[in-house]
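Hi,

Here is the model I promised to pass on. Have a look, and my notes follow below.

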Amino acid sequence: MREVLAQAAFQLFLERGFERTTVDDIVARAGVGRRSFFRYFPSKEDAVFPDHERCLAEMTEFLAAADGGDPVGAVSDAARIVLRMYAANPEFSVQRYRLTREVPGLRTYELSVVRRYEQTLAGHLRSRFGEGGDGALRAEVIAASVVAAHNNGLRLWLRSGGEGDPEAAVDHALALVREAWGRPAASTASTAPAVPEASAAPVVPAVPFAVSGGGGSDGEVVVMVARKGTPMWRVVQQVEAAVGEN
């Protein structure tokens with residue numbers, strides 16, 4: 001019945017437009033009562049996305065069974081569940097994509113669905129990284145990266161009209177995420193760029209030059225170049241040496 005209602009709703013949306021289609025129109029096309037419709041869908045917006053609840057449940061189950069190996073790999077694989085849902089019915093997926101581009105309210109609804117996927121991925125990552133320190137932040141950033149990568153590849157396929165292999169672009173995008181975030185979180189000390197020791201910091205000798213308008217040398221400007229990260233005391237020391245200060 002859920003599928004029958006969804007098909008009836010989508011046919012009407014394509015024929016009449018989303019805004020002009022009412023719930024009464026949908027149940028009349030499906031041959032059921034209003035109560036049947038609301039038993040399956042809280043609103044007509046939900047009828048445009050009838051498969052997302054099932055997909056979200058499948059993703060949650062998949063992550064719950066994931067082993068303790070690679071958390072970034074696990075959430076990347078979970079995102080592919082969504083891709084397979086779209087790829088299972090290319091014609092419907094492409095039509096829905098075009099419809100959501102035309103109806104702002106559906107686009108807003110779709111964004112709320114995407115956010116639920118992202119929160120599910122982030123929840124799994126927080127369980128692995130912990131809530132303390134940068135664990136929660138890392139989880140949110142990686143989850144957002146996975147969703148963005150997945151959606152980038154998926155939309156390329158949808159904009160093409162569902163032609164070709166949808167997994168190719170998504171796999172490529174997710175590979176970039178795994179390359180960037182697949183390594184274990186390191187301490188700040190190990191990831192921060194090395195700062196050269198004060199004695200080893202290469203400093204270009206200061207070069208004074210006259211700027212006085214009368215051709216004299218009573219006004220000078222000191223220019224010094226130092227590598228980024230050189231300690232400030234070292235910079236001051238070099239400036240003092242250049243201008244003759246002790």
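Which helices do the buried residues of H7 pack against? They pack against H1, helix H4 (44-48), helix H5 (52-64), helix H6 (71-87), helix H8 (104-129) and H9. Here contact means heavy atoms within 4.5 Å, and buried means under 20% relative accessible area, exposed over 50%, with partly exposed in between (1.4 Å probe, protein chains only). Helices are DSSP runs (H or I, at least four residues), numbered from the N terminus.

Before the rest, some housekeeping: this is a predicted model, where local features need pLDDT of at least 70 and side-chain atom pairs count only at pLDDT 80 or more, while totals for chains, interfaces and linings use all residues. Residues are numbered from 1 along each chain as its sequence is written, and side-chain values use heavy atoms, with hydrogens and water left out.

Back to H7 (residues 90-102): its buried residues are Phe-92, Ser-93, Val-94, Arg-96, Tyr-97, Leu-99 and Thr-100.

Thr-21 sits in the loop between H1 and helix H2 (23-30). Thr-21 counts as buried because its relative accessibility is 1%. Its side chain reaches the backbone oxygen of Leu-12 at 3.4 Å, a polar contact (N or O atoms within 3.5 Å, one able to donate a hydrogen and the other to accept it; residues adjacent in sequence count only if both atoms are side-chain atoms). Beyond its neighbours within four places in sequence, Thr-21 is in contact with Leu-12, Phe-13, Arg-16, Ile-26 and Lys-44.

Val-4 is in helix H1 (residues 2-16) and is partly exposed, at 40% relative accessible area.

Finally, Gly-161 follows H9 and has a positive phi, near 85 degrees.

Cheers

Terms used
Helix = DSSP H or I, 4+ residues; strand = E, 2+ residues; numbered from the N terminus. Expected span 1.5 Å × (residues − 1).
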